[in-house]
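Hello,

Here is the structure I promised to pass on to you. Please have a look at it first, and then read my notes below.

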Amino acid sequence: MAVTTPYSELEGVVRLKVRRDAVVRLEYVLRVDGEVVDETPEGEPVAVLHGRASGLPPGLESVLEGRGVGPFEARVPPELGAGERDPGLVLIASREDFPPGAVLEAGEEFYFEGEGGEVRPARIVAVEGDRVRVDANPALAGKVLEYTGIIHEVREATPEELEHGHAHGEGGVHH
Ligand code: ZN
């Protein structure tokens, strides 16, 4: 076997740890109460630019921070994940508040405009006669997030990736 990579260079690659603006290629599974709620497709790692809005589920970036290539496993408490549940975000609406023809069943999602004009998603949790109970908490709020996965690669971002704010190449954005 011929050694083509100087050891010092190889060591640099192997030892590169996840930090802001590194490109991380990984697979993950997110479980809540033992049930899978999010995962990368089997055998299709996703590449992300660490520390940027990357579309990863809450808390996962903090799990990856400082890790190298290899498997990982972590439990993220609500305060470091999607936040605690706010009982004040469970609201009672009336059927009239919904668009005509809307399907009013538990689990259906709508966008609501709050008193301050802000728009946020909310789920119907119960329908009782004319009263519709909706929950505007994030779906994962108050949950312990159980992550397992594997980091396949950690590398330096290219100048172009930094400029675009996302990863290119395998598992990244193609354009
Ligand atoms: Zn791009």
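In sequence, the residues that donate to the zinc ion follow the spacing H-x1-H-x1-H-x6-H. They are His164 (ND1), His166 (NE2), His168 (NE2) and His175 (NE2), which coordinate the zinc ion at 2.0 to 2.1 Å. Donors here are N, O and S atoms within 2.8 Å of the metal (3.2 Å for Na, K and Ca), and water is not among the atoms, so sites may look incomplete.

Before going on, please keep in mind that this is a predicted model, where local features need pLDDT of at least 70 and side-chain atom pairs count only at pLDDT 80 or more, while totals for chains, interfaces and linings use all residues. Residues are numbered from 1 along each chain as its sequence is written, and side-chain values use heavy atoms, with hydrogens and water left out.

What is the arrangement of the 4 donor atoms around the zinc ion? It is tetrahedral, because the angles they subtend are 102 to 122 degrees; four donors count as tetrahedral if all angles lie between 85 and 135 degrees. For comparison, the ideal angle for four tetrahedral donors is 109.5 degrees.

His168 counts as buried because its relative accessibility is 14%, whereas His164, at 34%, counts as partly exposed.

Next, the strands (E, at least two residues, as DSSP runs numbered from the N terminus; helices are H or I, at least four). Two strands pair if DSSP finds at least two bridges between them. Strand S9 (residues 145-156) runs antiparallel to strand S1 (residues 22-32), joined by 10 bridges, and S9 also pairs with strand S4 (residues 70-76) in the antiparallel sense over 7 bridges. Tyr147 in S9 stands opposite Leu30 and also opposite Ala74.

Two loop residues have a positive phi without being glycine. Asp21 has a phi near 70 degrees and lies in the loop between helix H1 (7-15) and S1; at 21% relative accessibility, Asp21 counts as partly exposed. Asp33 has a phi of about 50 degrees and sits in the loop between S1 and strand S2 (35-39); with a relative accessible area of 62%, Asp33 is exposed.

Best wishes

Notes:
Tetrahedral: all angles 85-135°; square planar, octahedral: opposite > 155°, others 65-115°. Buried < 20%, exposed > 50% of the residue type's maximum accessible area, 1.4 Å probe, protein only.
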